[in-house]
Amino acid sequence: MLEEVLLSPALDEVLEELGNKTEAWTNKWWWMPLRALLLAAPFIAIGIYYFWFL
């Protein structure tokens with residue numbers, strides 16, 4: 001059963017569409033700084049906690 005799902009052409013189409021939407025989403029101009037902020041946010045929070053509260 002699992003092999004049938006994984007090898008089905010419908011799954012290929014769905015994954016291709018998902019990839020196209022993901023690529024279109026990540027090409028938006030505002031996503032680049034937002035992504036950088038999201039990746040840096042935990043380190044910024046640790047720094048604020050360390051220097052202001054300890």
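Let me start with a convention: a residue is called buried when its relative accessible area is under 20%, exposed when it is over 50%, and partly exposed in between, with a 1.4 Å probe and protein chains only. By that convention, 2% of the 54 residues of the protein count as buried. What you see is a predicted model, in which local features need pLDDT of at least 70 and side-chain atom pairs count only at pLDDT 80 or more, while totals for chains, interfaces and linings use all residues. Residues are numbered from 1 along each chain as its sequence is written, and side-chain values use heavy atoms, with hydrogens and water left out.

The accessible surface, computed by the Shrake-Rupley method with a 1.4 Å probe, comes to about 5,200 Å² for the protein, and 73% of it belongs to carbon and sulfur atoms.

As for secondary structure, taken from DSSP runs (helices are H or I with at least four residues, strands are E with at least two, numbered from the N terminus), the protein has three helices and zero strands, so that the order from the N terminus on reads α-α-α.

Now to the contacts. How many salt bridges does a search of the whole structure find? The search finds one, where the term stands for a side-chain nitrogen of Lys or Arg within 4 Å of a carboxyl oxygen of Asp or Glu. The partners are Glu17 and Lys21, whose closest N and O atoms are 4.0 Å apart. Both sit in helix α2, residues 9-26, and because they are four residues apart there, about one helical turn separates them. Glu17 is partly exposed at 42% relative accessibility, whereas Lys21, at 54%, counts as exposed.

The aromatic side chains come next. Rings of Phe, Tyr and Trp (its six-membered ring) pair if their centres lie within 6.5 Å, and planes under 30 degrees apart count as stacked, over 60 as edge-to-face and the rest as tilted. The whole structure holds five such pairs. One of them joins Trp30 and Trp31, with ring centres 6.4 Å apart and planes at 90 degrees, and is therefore edge-to-face. Trp30 is partly exposed at 31% relative accessibility, while Trp31 is buried at 17%. Tyr50 and Phe51 also make an edge-to-face pair, because their planes stand at 85 degrees, with the centres 5.0 Å apart. Here Tyr50 is exposed at 51%, and Phe51 is exposed at 65%. Finally, Trp30 and Trp31 belong with Trp25 to one aromatic cluster.
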